[in-house]
Amino acid sequence: MAEDEREEEKPRVKWIPRSRDVDKPAALPGIHRYAPFTNLTDRMTTPALNRAVMVGIGAAVALDVLRPIALGMWDAAYCYECRACYATLEKCPASITFQAELTVACRTMDYRRFVKNRGLLCIRCGNCNGFCVQHLNLADIFGKMGVATARAVREGKVPFDVVEGAIYEGVIGREYIDEIYEWYRSSGGRRLG
Ligand code: SF4
Ligand code: SF4
């Protein structure tokens, strides 16, 4: 049988908005219902708002995924925040206790979170790699984020108080301190010592 003929045989069901369908209750008695995802047509602004919100959420998620990919940290997306890497403990020569925080900071390009959790002290030794249940190369990820963070500081993308706090707490490794301190001083920061 031809495809067109089969199409014709299908019973055509007329779509009726729930608000006008007498067989479906628009709301249960006594219950005021907020139903932004239903087919109610008497809420004209709601569908448009839904679409706008969905587009916004989609764009934010896409940005979160695309930015680390662009910087070569795509594998950070596989971290499911189990925190098994916290078992690194004293094997981390930089005394970083929350490796998962760094991984999440890399995934979301959260410079503040990376700096606050001592990410700029990571020396890429790889001792934490063996604790990651996802077999992520954490040393490589943290190293790339360190370079990206130092660049973000120079470009003024990291808040001044975060940079100043990191300098005075001594949580910037020697690999990055010269360029970050130079930016800090040129931005009006106090001289150390
Ligand atoms: S790679 Fe970095 S975070 Fe991991 S153990 Fe070494 S210094 Fe610590
Ligand atoms: S062990 Fe690996 S997957 Fe688990 S939180 Fe740490 S980095 Fe993420």
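Predicted model: local features only at pLDDT ≥ 70, side-chain atom pairs only at ≥ 80, totals over all residues.
How many nonpolar, polar and charged residues does the shell around ligand 1 have?

Residues are numbered from 1 along each chain as its sequence is written, while chains are lettered from A and ligands numbered from 1 in the order in which they are written.

The chain has seven helices and zero strands; helices are DSSP runs of H or I with at least four residues, strands are E runs of at least two, and numbering starts at the N terminus.

Now, back to the ligand. Ligand 1 is surrounded by 16 residues, where near means a C-beta atom, placed from the backbone, within 6 Å. The closest are C92, C122, C125, N127 and C128. By class, we find eleven nonpolar, four polar and one charged. Here Ala, Val, Leu, Ile, Met, Phe, Trp, Tyr, Cys and Pro count as nonpolar, Asp, Glu, Lys and Arg as charged, and the others, Gly among them, as polar. Helix α5 gives the most to this shell, with three residues.

And α5 has a partner! The axes of α3 (residues 99-108) and α5 (residues 138-154) come within 10 Å and cross at roughly 55°; axes are lines fitted to C-alpha atoms, for helices over the stretch in contact, and angles run from 0 to 180 degrees between N-to-C directions.
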